[in-house]
Amino acid sequence: MIASGPAANRPPHIAFEEVSDMSCPREELMRLVKSLLLYTALCLVANGPALAADSADLDALRTGDMKKLSLHSAPQAISALPFLTETGGTATLQDYKGKVVLLNFWATWCAPCRKEMPMLSELQTTLGGDDFEVVTLATGRNSADGIAKFFNEIGVSNLPQFMDERQAIAREMGILGLPVTVLIDRDGNEIGRLMGDADWSSDSAVSILKAMIGD
């Protein structure tokens, strides 16, 4: 279901099919609740002072769509679970340590994701390299062929076609809607997230990421 109404009052744009389906098994719902509780606990025990100054600096750069970017007062742990790559292998978010990463959770059936993806592609063209990367992770019911067709239709060729098939990573990181984009620092910690689509090619987005990269 696509959310409607004033942007400021919207919940995350698209709820996962498994979550919104009232026939979802009780065991599945319990696993989701446990994942959310674990995520909250990790947030509470993180080292707060280490990020405070950086958050203030980044906050001053937020304009336009980037006002929706929620910056954490403390770094938060990210998932170490594996995801499937387009070549059939596996990788983890930990493989990107040393880079600033913009992690985008999306799906082929998500209309706001289709709108947002070209702007993520433009951001990758602008900043992508040894210090920064946009990582796109299709979450839930997405086939490899469907993902390839999606990218083909919108003319995007510079973003990865990774899959979180069972939503395991999304659940562990408390992702309850799509799209959601997570900002990850060089140490592999989440420092902020934005729910819903946004113009990631905007001057504000580029300035925030350049500040993180150190340009």
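**Exercise 1. Contacts along the chain**

Find what share of the contacts between residues at least 6 apart in sequence joins residues at least 24 apart in this predicted model.

Solution. Take the contacts in the protein between residues at least 6 apart in sequence. Among these, 74% join residues at least 24 apart.

**Exercise 2. Gly-64**

State where Gly-64 is placed, and decide whether Gly-64 counts as buried or exposed.

Solution. Start with the elements on either side: Gly-64 is in the loop between helix 3 (49-59) and strand 2 (69-76). Next, take the relative accessibility of Gly-64, which is 58%. The cut-off for exposed is over 50%. Gly-64 therefore counts as exposed. For the protein as a whole, 48% of the 215 residues count as buried.

**Exercise 3. Helix 4 and helix 5**

Describe how helix 4 (residues 111-127) and helix 5 (residues 144-154) cross, and which residues meet.

Solution. First, the distance and angle: the two axes come within 10 Å and cross at roughly 60 degrees. Helix 4 is therefore oblique to helix 5. The crossing is right-handed.

Then list the residues. Helix 4 contributes Cys-113, Arg-114, Met-117 and Pro-118. These meet Phe-150, Phe-151, Glu-153 and Ile-154 of helix 5. Sorted by class, this contact has 6 nonpolar, no polar and 2 charged residues.

**Exercise 4. The protein as a whole**

Give the number of helices and strands, and the accessible surface.

Solution. The protein has 7 helices and 10 strands. Its accessible surface is about 10500 Å², with 53% belonging to carbon and sulfur atoms.

Definitions and conventions
Residues are numbered from 1 along each chain as its sequence is written. This is a predicted model: local features need pLDDT of at least 70, side-chain atom pairs count only at pLDDT 80 or more; totals for chains, interfaces and linings use all residues. Side-chain values use heavy atoms; hydrogens and water are left out. Helices (H or I, at least four residues) and strands (E, at least two) are DSSP runs, numbered from the N terminus. Buried means under 20% relative accessible area, exposed over 50%, partly exposed in between (1.4 Å probe, protein chains only). Contact means heavy atoms within 4.5 Å. Accessible areas come from the Shrake-Rupley method with a 1.4 Å probe; for residues, only the protein chains shown count as cover. Axes are lines fitted to C-alpha atoms, for helices over the stretch in contact, and angles run from 0 to 180 degrees between N-to-C directions. Angles under 35 degrees count as roughly parallel, over 145 as roughly antiparallel, 65 to 115 as roughly perpendicular and the rest as oblique. A crossing is left-handed if the near helix is turned anticlockwise from the far one by less than a right angle, and right-handed if clockwise. Ala, Val, Leu, Ile, Met, Phe, Trp, Tyr, Cys and Pro count as nonpolar, Asp, Glu, Lys and Arg as charged, and the others, Gly among them, as polar.
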